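This report is meant for someone meeting the structure for the first time.

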2 protein chains.
Amino acid sequence: MTQTVKEKFLDLLKEQSSYEEAIGLMAWDMRTKAPKKGMDNRSEVLGVLSEKVHEIQTSDKMKSYIDELKGQDEDPVLVKSLEEAEETYNKTAKIPGKEYREYVTLQSKAESMWTEAKDKNDFESFRPYLEELVEFNKRFADYWGYKEHRYDALLHNYEPGITVSKLEEVFPRVRKALTELLDQIKKAPKQPDPSVLEGHFPKAQQEKFSEEILKRMGYDFEAGRLDETVHPFAIGLNSNDVRVTTKYDEKDFRTAVFGTIHEGGHALYEQNIDPKLTFTPLATGTSMGIHESQSLFWENFISRREAFWQNHYELFKRHAPEKFESLPLDQFYRAINEVKPSLIRIEADELTYCLHIMVRYELEKALIGEEIEVKDLPELWNKKMEEYLGVKPEMDSEGVLQDIHWAGGDFGYFPSYALGYMYAAQIEKTMSKEIDINRVIEQGDFKQIQEWLTSRIHQYGKMKKPLELLEEVTGEGLNPDYLVDYLTHKYKHIYQF
Amino acid sequence: MTQTVKEKFLDLLKEQSSYEEAIGLMAWDMRTKAPKKGMDNRSEVLGVLSEKVHEIQTSDKMKSYIDELKGQDEDPVLVKSLEEAEETYNKTAKIPGKEYREYVTLQSKAESMWTEAKDKNDFESFRPYLEELVEFNKRFADYWGYKEHRYDALLHNYEPGITVSKLEEVFPRVRKALTELLDQIKKAPKQPDPSVLEGHFPKAQQEKFSEEILKRMGYDFEAGRLDETVHPFAIGLNSNDVRVTTKYDEKDFRTAVFGTIHEGGHALYEQNIDPKLTFTPLATGTSMGIHESQSLFWENFISRREAFWQNHYELFKRHAPEKFESLPLDQFYRAINEVKPSLIRIEADELTYCLHIMVRYELEKALIGEEIEVKDLPELWNKKMEEYLGVKPEMDSEGVLQDIHWAGGDFGYFPSYALGYMYAAQIEKTMSKEIDINRVIEQGDFKQIQEWLTSRIHQYGKMKKPLELLEEVTGEGLNPDYLVDYLTHKYKHIYQF
């Protein structure tokens with residue numbers, strides 16, 4: 001019963017995937033159910049298992065299987081798995097072991113320092129850690145290599161194919177269009193009234209509504225579940241176990257409704273990946289940006305649409321306070337689409353959201369490119385917020401300290417959010433040529449939409465790179481015009497200018 | 001930063017414990033929350049992680065650390081960890097790899113064949129698998145070695161120190177006493193009326209009562225949680241994350257009340273193990289029997305006691321239907337202690353429970369000792385049931401096919417249940433000399449009891465062998481008289497003979 005090299009390689013990938021499923025479950029558990037006193041021990045266990053994954057990815061065994069198998073087999077799943085494993089091997093092998101371990105320690109220290117600094121509104125106490133993180137990331141970028149901009153090497157981790165020069169083509173254009181749109185909105189004579197949405201929304205009712213909507217989206221509850229958490233997320237343990245979490249605010253139903261639908265979009269992606277990719281590194285979304293395009297597609301392009309509420313307003317009312325009985329759909333729809341620049345990214349409306357991303361992108365690119373220094377961040381942050389959104393933080397805790405990403409060393413991640421948004425608009429445009437989206441939504445049966453997304457996107461997992469997938473699905477490369485057109489059209493209608 | 005051999009050994013144990021925590025969480029999840037479609041994948045992941053544990057336990061590295069460290073260090077935790085690791089190594093290394101793998105495959109096949117056979121009441125379809133399992137276990141027993149009876153080698157896996165000759169001293173004596181007691185009970189003039197316990201008990205109310213009782217027992221909800229399941233269990237992931245599960249029958253509150261308290265007893269053991277044993281193989285209960293003594297102590301010796309209900313009946317009534325308002329405590333107490341021989345072990349009352357165990361013990365001992373054959377089991381089972389309990393199964397599904405243990409190859413396990421019961425009675429006797437148990441219970445504060453158990457038993461984990469622990473706690477070896485006395489006294493009072 002001697003194994004072939006191919007079998008050995010696939011076994012090693014399965015071992016890695018098994019640790020990843022265990023890690024995923026432990027992470028889900030920690031964020032939903034786990035008793036708090038067990039967390040210290042659990043963190044150590046997570047450390048041991050993550051170290052195991054790292055060991056496999058960088059093992060001599062892995063290297064030798066890759067070398068032996070490359071070009072020897074035409075099975076596309078094997079070919080792509082080899083590519084993926086090789087990229088991970090190279091990326092990791094380029095960082096000296098000692099530096100990697102120091103970095104892991106720094107990340108965990110920096111995250112806890114960030115939590116404290118944010119609580120105390122004290123950027124200075126966090127600054128030295130952030131400086132170190134930036135230094136590590138610059139060094140890593142140099143190890144990995146890049147053609148034009150050092151920041152490209154970091155972008156590659158989240159959105160392969162995307163570079164600074166590509167972003168510079170699109171981000172400023174989008175920023176200009178959105179800030180102009182925002183100006184018109186501010187001046188528009190007919191403003192929505194969000195106070196009509198106020199009321200008390202019991203958790204149990206919100207839970208029922210969330211479940212109902214997830215089912216309608218095509219989310220399979222036999223291959224997943226919905227739980228409550230503090231910071232909502234979706235997680236795929238395997239394609240038959242993809243869990244959604246949400247948060248219920250009894251004063252504001254929007255948190256759970258749009259949050260659940262957003263995470264549901266991520267979950268549909270993971271649930272519909274081709275089972276033949278199971279136990280390979282291909283059995284997940286192809287990039288952060290494409291993943292985000294799926295959540296934003298459902299959240300913004302479906303559930304913030306007028307047609308959606310034409311169908312779902314009755315269902316909503318059944319789970320809402322009585323006052324909504326007399327609230328006309330039109331007022332409701334306009335209220336849930338109120339545009340209001342805020343200081344906090346995760347509270348942003350769909351129009352200003354991208355502007356929050358631009359602020360972060362420009363700053364981290366400049367940091368990695370050594371055009372600015374960490375100590376300058378608070379001031380620059382506030383300046384850009386004022387320039388792009390017209391609001392200015394009074395404290396760093398609602399400014400530069402608000403997000404955890406940098407504390408975790410995640411430089412190059414933020415652009416994915418805006419890219420996902422642009423991808424989603426582009427995908428929506430293509431879909432609308434083949435499917436009468438409004439009609440399908442009004443009928444309340446999203447099966448057609450979900451099947452379309454599965455056949456074009458979901459099933460492939462990581463078999464296609466993000467830009468390759470985008471090109472195949474939409475017939476063109478990244479094009480931000482669709483997003484701008486969509487938002488312009490939508491908000492002209494809502495604000496009537 | 002070179003590691004000493006001791007550090008390397010402890011690291012390897014930590015790695016093993018980490019896999020075990022992950023396996024434990026996955027098992028808990030599968031039995032409480034996990035979506036059913038993900039189960040196939042999950043089983044494979046469990047397989048990979050279990051294989052990892054097995055690899056570590058039998059690794060050359062483990063062997064060399066043990067050999068190098070033995071006798072070199074006096075740290076008692078290290079000494080006991082070495083003993084434990086060595087025993088596992090030897091036990092596992094004695095089985096040829098090929099046979100071990102065949103056995104694992106057989107176990108999983110046999111379990112699924114058993115499920116089918118039980119459903120269809122078809123012993124014959126399960127027989128060949130059971131025969132193979134018996135053959136494997138006989139062979140394993142021979143590999144492991146024994147002095148007197150081949151079955152001793154299997155007993156050792158669950159209750160080290162216990163042998164056939166020890167069991168033969170106590171089991172027949174207990175059996176005789178219990179069957180005589182049962183006869184007297186059957187003939188007693190004053191029988192309890194269990195119909196007074198009937199009613200509708202909404203799940204939510206039962207849940208609240210269960211939580212309340214667990215808290216009173218000293219179960220720490222910040223280091224654990226309570227969930228619903230089909231076959232209740234408690235599981236310790238680490239001493240700060242010990243989870244209890246229970247089952248709610250809306251027609252019969254006894255399932256959840258006594259079930260939760262039983263599992264709570266197991267959980268208290270795991271929650272109170274000395275933290276310095278963390279990440280060693282000593283951080284768990286010392287044997288199946290001692291573990292069962294803790295669950296049975298709480299279930300039978302505390303919560304089926306009159307004093308318990310003197311304190312808790314009011315609390316119970318708050319969560320129970322109105323009819324209980326007018327039910328006198330005495331009638332309630334007698335009804336929950338009704339003795340009624342049943343066919344099914346897990347539904348047995350506290351008096352006849354041990355007789356169920358005797359049936360299984362005698363049969364499996366005879367199988368391993370080649371005094372009987374698998375094909376004779378159904379008939380022998382029914383005969384013994386009639387002889388000891390006075391009831392006879394009409395179908396194998398309520399007879400020899402009822403328990404999963406043999407299908408999993410667990411021969412030698414059943415006696416632990418009865419031993420646990422005897423240990424519990426012995427422990428209760430000792431405790432009663434130091435603590436006025438009735439008074440403590442009446443006051444509803446179990447802290448004294450829980451602390452007594454922690455200081456004498458729980459904290460030690462596997463630092464002491466079961467019989468060594470028993471001797472230290474109670475001042476004598478296994479003595480079944482305490483159990484017989486306890487039951488005789490209690491049931492004479494209830495049935496008034």
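Predicted model: local features only at pLDDT ≥ 70, side-chain atom pairs only at ≥ 80, totals over all residues.

## Helices H6 and H7 of chain A

In chain A, helix H6 (residues 123–144) and helix H7 (residues 150–158) have axes that come within 8 Å of each other and cross at roughly 85°. Since angles of 65 to 115 degrees count as roughly perpendicular, this is the description that applies to H6(A) and H7(A).

From H6(A), the contact draws on A:Asn137, A:Lys138, A:Ala141, A:Asp142 and A:Trp144, while H7(A) supplies A:Arg150, A:Ala153, A:Leu154 and A:Asn157.

## Where the two H1 helices meet

Helix H1 (residues 5–32) of chain A packs against H1(B) at an angle of about 65°, and their axes are 10 Å apart. H1(A) and H1(B) are therefore roughly perpendicular to each other, and H1(A) passes H1(B) in a left-handed crossing. In H1(A), the residues A:Tyr19, A:Ala22, A:Leu25, A:Met26, A:Trp28 and A:Asp29 meet B:Tyr19, B:Ala22, B:Leu25, B:Met26, B:Trp28 and B:Asp29 in H1(B). This contact of H1(A) with H1(B) divides into ten nonpolar and two charged residues, with no polar ones.

B:Ser18 also belongs to helix H1 (residues 5–32) of chain B, and it is buried, with a relative accessible area of 0%. Leaving out residues up to four places away in sequence, B:Ser18 touches A:Val45, A:Val48 and A:Leu49 of chain A, as well as B:Phe279 of chain B.

B:Asn238 is located in strand S2 (residues 234–238) of chain B. Its relative accessibility is 10%, and because buried means under 20% relative accessible area, B:Asn238 counts as buried.

The side chain of B:Asn238 is joined to that of B:Glu21 by a polar contact of 3.2 Å, and it also reaches the backbone nitrogen of B:Asn240 at 2.8 Å. When residues up to four places away in sequence are not counted, B:Asn238 touches A:Gly38, A:Asn41 and A:Arg42 from chain A, together with B:Glu21.

## Partly exposed residues on helices

B:Asp67 sits in helix H3 (residues 60–69) of chain B and is partly exposed, with a relative accessible area of 43%. B:Asp67 and B:Leu82 are separated by 15 residues in sequence, and their C-alpha atoms are 9.2 Å apart in space.

A:Glu386, found in helix H15 (residues 377–389) of chain A, is likewise partly exposed, with a relative accessible area of 44%. Apart from neighbours within four places in sequence, A:Glu386 is in contact with A:Val391 and A:Lys392. A:Glu386 and A:Lys190 lie 196 residues apart along the chain, and 24 Å separates their C-alpha atoms.

## Positive phi angles in two loops

Most residues other than glycine have a negative phi. A:Asn121, which is not a glycine, has a positive phi of about 55°. A:Asn121 lies in the loop between helix H5 (97–120) and H6 of chain A, and at 31% relative accessibility it counts as partly exposed.

A:Glu370 is not a glycine and has a positive phi of about 60°. The loop that holds A:Glu370 runs between helix H14 (353–368) and H15 of chain A.

Notes:
Residues numbered from 1 in each chain as written. Chains lettered and ligands numbered in written order. Heavy atoms only, no water. Helix = DSSP H or I, 4+ residues; strand = E, 2+ residues; numbered from the N terminus. Buried < 20%, exposed > 50% of the residue type's maximum accessible area, 1.4 Å probe, protein only. Polar contact = N/O pair within 3.5 Å; in protein donor to acceptor, adjacent residues only side chain to side chain. Contact = heavy atoms within 4.5 Å. Axes fitted to C-alpha atoms, helices over the stretch in contact; angles between N-to-C directions. Parallel < 35°, antiparallel > 145°, perpendicular 65-115°, else oblique. Left-handed = near helix turned anticlockwise from the far one by under 90°. Nonpolar A, V, L, I, M, F, W, Y, C, P; charged D, E, K, R; others polar.
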